[in-house]
Amino acid sequence: MAEETTIQLDIFRYHPEKDEQPYFQSYDVPYKEDWVVLDAINWIKDNVDGSLSYRWSCRMGVCGSCGMMVNGEPKLTCAAFLKDYYPKAIRVEPLENFTVERDLVITMDDFMAKLESVKPYIVRDDVDDTSGGEYEQTPAQLAQYKQYSMCINCMLCYSACPVVGHDPEFVGPAALALGHRYNKDSRDQDTGERMEKMMEHEAVWGCTFVGECTEVCPKHVDPAGAIQQAKAAAAQYYFKKLIMPKGAGR
Amino acid sequence: MSKRYHPTQPWNWFLKRPAYVKFMVRELTAVAIGLYLIYLLRVLATVGNGEAAFVELAGAMTGTRARLLHVLALAAALFHSVTWFNLTPKAMPMYRGEQRLADPLVAFGMGYLPWIVVTILIFWGVCA
Amino acid sequence: MSKSNEALWWSLFSAGGVLAALAVPALVLSTGFLVATSDPSVAAERYAQLQSVLGWRIVQLAMFVVVSLSFFHCAHRIRHTLMDLGVRGVPLLLMVTCYGGALAGTVAAAVILVKF
């Protein structure tokens, strides 16, 4: 009977109720050509160690739940194929730059607050009046922001960003790209509320354009580009306000 | 509320990834360029101090140390220019209707082409 | 979170970055390999040419703008790099040192160029 080929996974473990420090635990997992790292982790939980804790959902790259560090790189584990690492061991760790709750589960409350802080919704200052029908938008207008609307909140960009690493207050790539997405949406009325938030010290100005956020983004959102564009827009707004303090809201 | 593990960023974070190293090198070009600008002001000041002083400086600038410093300054300046022009399309995307113009095209039009023009202008100003 | 004047410094950084990218390589080649010469007759030619071209107000202005904004570009980048490298408790000191340095360079450039 042929021996099944295996691949080794070294997985970060941390139990707050009993561990002072995290440690790594090694598992030998069946190696299948078409498996991804998430399949391997699920196999471990189902067959070897039910205590392993981690987030996952769609397993097809649209929910953004399964982000982890795979050999030091932030990846969606549903998109990281075992065959790209075999026969070497795979090191799996929780997303970098985040507080760890347990094993591979990170605390994402700060991230959620940052998303909210950029007012990620259409802001208008006219009365909510739908009698004229829906807001219309041309394909060209859509093209201005569509790319920045593709974010699945997977937080890989926060792991890739060294500024997040040394400044937990930094609003971060995904949130700033999201703010930019609404600034570029023709249906938004640019009342200045969002711009004021995005011009704060820890918002766009925290970014030093390292660009790694864009490199790791699985949805090609290009948050780095979005933030630079947001900086230019913020600078324009700043000078407009300097010259016309009352009129700059439009 | 149970306790959590709080990782900290190591002081040498910029060595941890090739992309971070490249980023740091890019940022440090500012030091080289800044120092060169101070040197440039000194050369300009010498032009205002009479021909003899200028000829003496021109001769001194052919020395190995001056050549080496210029090569380093040039390397830094070139790295700044290339990284800057290549990033320009990300910071200033251009659209024709729904189509976004390709990055290399924007980089050429907004960066490399003006670069050639300015370079020619400067050489002409120094040598004409 | 604080109101920020960062937009101003970033704008100077941005403008200076473009000008430095466009002009500095040619300037380095000029001083390093065109002006630098051990042949006194070539040096005399260069001297006459530079005296002449730097006498034009437009050239003085262009040089001033390039040098000054490039100084502000470098200052901003150095300031942020120091912050990225851990120098974080002294934001005001960093600003004064870096932008103050750029201002000093700007004044020096003005003084030198206006004499032509």
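A: A pocket is defined on a 1 Å grid over the protein atoms alone, as an open set of points where a 1.4 Å probe fits, with protein on both sides within 12 Å along at least five of seven lines; lining residues have an atom within 4 Å of a point. Grid points are joined across faces, edges and corners, and a volume is the space filled by probe spheres set on the points. The model is predicted, and totals for linings use all residues. Residues are numbered from 1 along each chain as its sequence is written.

Q: What volume does the second largest pocket have?
A: The second largest pocket has about 630 Å³.

Q: Which residues lie nearest the centre of the second largest pocket?
A: Its lining has 25 residues, and B:Leu121, B:Ile122, C:Leu27, C:Val59 and C:Met63 lie nearest the centre.

Q: How many residues of the lining of the second largest pocket are charged?
A: Asp, Glu, Lys and Arg count as charged, Ala, Val, Leu, Ile, Met, Phe, Trp, Tyr, Cys and Pro as nonpolar, and the others, Gly among them, as polar. On that division the lining has 22 nonpolar, three polar and no charged residues.

Q: How do the classes divide in the lining of the largest pocket?
A: There the lining has 16 nonpolar, 10 polar and seven charged residues. The largest pocket holds about 870 Å³ of space. Of its 33 lining residues, A:Glu96, A:Asn97, A:Phe98, B:Pro7 and B:Thr8 lie nearest the centre.

Conventions: Chains are lettered from A and ligands numbered from 1 in the order in which they are written. This is a predicted model: local features need pLDDT of at least 70, side-chain atom pairs count only at pLDDT 80 or more; totals for chains, interfaces and linings use all residues. Side-chain values use heavy atoms; hydrogens and water are left out.
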